[in-house]
Structures are given as structure tokens and as C-alpha cells.
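Please keep the sequence and the three-dimensional view at hand while following the paragraphs.

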Amino acid sequence: MVVAEANASSKPLIAAATGGTPSRRPVWFMRQAGRSLPEYRAIRADRGMLESCFDAALVCEITMQPVRRHDVDAAILFSDIVVPLKAAGIDLDIVAGTGPVVARPVRSADDVASLPRLDAAAVGSVARAVTLILGELTDAQALIGFAGAPFTLASYLIEGGPSRTYENTKAMMHGRSELWHQLMAQLADITIEFLRVQLDAGVHAIQLFDSWAGTLSVADYQTYVAPHSARVLAEVAEYNVPRIHFGVGTGELLAPMAHVGADVIGVDWRVPLDEAARRVGPGKAVQGNLDPTLLFAGPDVVEAEVRRIIRDGEKAIDAGAIGHIFNLGHGVLPPTDPDVLTRTVELVHQL
């Protein structure tokens, strides 16, 4: 058990993210509020995903379900990265088994010019949900707000949905770079507004998901993506809350991602935390990074991996990281046994 300093935050996650000494090792899971929980499946049985994301009471209940069940140190707002796009008026839906599908992909100058802006009132239900959640959390539990980074939002808009190759996205990026930067600037505006709504409502930290940035080379990321993510994080810096940044398959991008202004860098399972800390450089906390598929491998494997990651996290601190937040290297998979997650949290807190 880690002993808290007198001036440390009462919230273990915030303490770890800001260089304090947490009262216990903080742990939460990406996609912890979701399909792995039977109570989630029951409450969502007759409700669409986007409909659910705009119902403040339902958002509060779903957000709190894993906190009650697992005793994690943070709730993450139940939402989706395309919620601000939908709220702004873009015609899209989340299709079961597919993901976000955009009715009219954005591929021309006229398409970019006609993109709407986000009015904060259009996501007022999100602010109300934050207020409700804060009323249910203990003083030791943090609430994380989040948004999709401009590149990941752009990839959905341009491709029309999920993609394995991102050929249309990369074609615009390289072939019509001026149009690309116009699109990214508009998406950065939407992301900033969405995060500000959550921050004004009182979230304790935010996570910027650039889920598909791992498809890019370092040069492309630095030229076409980093300036826009940096603007997003800079525009919310005044709130003085930890800013977490995460992407999948971003081992080669950890250094440039760290330079866009995040305080905590999320690491997937492909790179050990101590190596990630060396790539990121000193002065940042690291978050991660249990492979979510290993939760299916049995208790002995899970315990061995948890212990290894905690050792790696301690070595990361020796390498210059200011803290470690235990998490998965990506989201909880839907077939995951919730009891395995609960036991994982118990083990992290014991070590």
C-alpha cells in the first residue's frame, strides 16, 4: 500500500497523474462501462447507443455501474467519440457490429465548408450527466471526461465509417493538404467545445482518444496531426486538470504524442511501460497496459501479468515518469467476465 503525502490529492488517479503519492495504486479500465456488464446489457436492451448518450440519467447510471461493481479509482463518462459530431448536426449513426457510419462522407471542399459547428447547448445533457455522476462519486474517485482527437474524427468522416487502410483519409492528407488542415481545424473546434462542456461541469481529468493514429508514420503524425491535437490540449490547459492522451498501435508515436501537451500518456500492450517512459521523456505519467485478451487466460496468467506491469510501472517511474495509472492497453472486450475485472482491481490495490 502506498502512503499518501499530506499535500497529495485525495483522488489516487489525480495524485498519480500529477506527481503526487496516491493513497493506493490507481486503476480504471477503458470501456469499463459497457457490454461486459450484464447490468449494462439489461439497461440498454431497448435503447440505441446514440440515444443513450444523450439521456443524462442513463449516462449517469451506466457510468457508475463499473465503479460500484469493481471499485475502480475513476469513472469515465459514458459516451462515444462521435457524440459531438452528432450533436453538431452531422448525419451519422452507430451501427451494431460496425461502429460509426456517416451518411455522407466528407471528401470535397464543399463538404468541409458545410460542416456545422458545435453549440454547447446541443450537449447540455452531457453536462447534466456530469453533475449527476459527481453527486454519486466518493471524494476518492475521479471522473474522466473524454473526446475523440481531430484525426480519428476526420478518419470516420472521410471514410464514412471504420477502415483498415484509411486510403481516402491519407489521400486527402497528402493530396489536398490545405483542405485537410481546414477540416482538422474545424474538428479541433468541435473537440475543444465538447471538452469545455465537460470541464465546466466539473470533470476531474480528460482523455483525448486518437484511436487510429497508429496507422500513421511519425512524419505524417507530426505534420498533419500533432498541431491540431496540440491546439485541443492547449485550449483546455486553463482548467488545470490532468490531460491524458491515448492511441492504439502508437509505440512509434509515443514521443511526438507526448509533445502535444498531455500530462499522461496511455500505452497499449505492445510497449513495456518503462520503455514507453524512455520514449516519452521525463515529467509525464504513464497509463496502461495489460493486454485485454489476457483477461481470458485464467487467474494465474492475469496475476502474473498484473505483477509484471506494476514492476514495469515502477521502472517507468525510475526512468522519469511522474506516476503510473494501471489500465488495459485498449478497451475491455465485450465477452470479458466482470468478476475477472473485479479481481484484477483487488490485486492492483493490494500490490
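Two strands are said to pair if DSSP finds at least two bridges between them. The model under discussion is a predicted one.

The pair belongs to a wider arrangement. An open sheet is formed by 7 strands in the order 1-4-5-6-7-8-9, with parallel pairing. At its edges lie strand 1 (74-76) and strand 9 (324-328), each of which pairs on one side only. From one strand to the next, the twist averages 25 degrees. Helix 10 (residues 177-201) touches strand 4 (142-148) and strand 5, and its direction makes about 165 degrees with that of strand 4. Helix 14 packs on the sheet as well, where it touches strand 8 and strand 9; the angle between its direction and that of strand 9 is about 145 degrees.

A separate pairing involves strand 2 (residues 92-95) and strand 3 (residues 99-102), which are antiparallel and share 4 bridges. Val95 has Gly99 of strand 3 as its bridge partner. The hairpin made by these strands has 3 residues between them, and Gly97 there adopts a positive phi near 85 degrees.

Two residues illustrate contrasting surroundings. Is Gln207 buried or exposed? Gln207 lies in strand 5 (residues 205-209), and it counts as buried because its relative accessibility is 0%, with the limit for buried set at under 20%. Beyond its neighbours within four places in sequence, Gln207 is in contact with several residues, including Trp28, Met30, Ile144, Phe146, Ile244 and Gln287.

Ile317, by comparison, is part of helix 14 (residues 299-318). Its relative accessibility is 39%, so Ile317 counts as partly exposed. With neighbours within four places in sequence left aside, Ile317 is in contact with Gly323 and His324. Lys284 is 33 residues away from Ile317 along the chain, and the C-alpha atoms of the two are separated by 9.4 Å.

In an unreviewed entry, the record assigns "domain: Uroporphyrinogen decarboxylase (URO-D)" to residues 26-35 and 144-160. Residues 26-35 are 0% helix and 0% strand, and their end C-alpha atoms lie 23 Å apart. Residues 144-160 are 59% helix and 29% strand, with 28 Å between the end C-alpha atoms.

The whole protein may now be considered. It contains 15 helices and 9 strands. Its C-alpha atoms fill a box of roughly 60 × 45 × 40 Å along the principal axes. For 351 residues, a compact globule would have a radius of gyration near 20 Å, and the 19 Å of this protein therefore agrees with such a form. Buried residues account for 58% of the 351 residues. Of the contacts with a separation of 6 or more, 73% are between residues 24 or more positions apart. The accessible surface of the protein is about 13,500 Å², and carbon and sulfur atoms contribute 50% of this area.

Technical notes:
Residues numbered from 1 in each chain as written. Predicted model: local features only at pLDDT ≥ 70, side-chain atom pairs only at ≥ 80, totals over all residues. Heavy atoms only, no water. UniProt positions renumbered as here; feature names shortened; annotations may be inferred. Helix = DSSP H or I, 4+ residues; strand = E, 2+ residues; numbered from the N terminus. Buried < 20%, exposed > 50% of the residue type's maximum accessible area, 1.4 Å probe, protein only. Contact = heavy atoms within 4.5 Å. Axes fitted to C-alpha atoms, helices over the stretch in contact; angles between N-to-C directions. Rg over C-alpha atoms; globule rule 2.2 N^0.38 Å. Areas by Shrake-Rupley, 256 points an atom, 1.4 Å probe, with all protein chains shown as cover.
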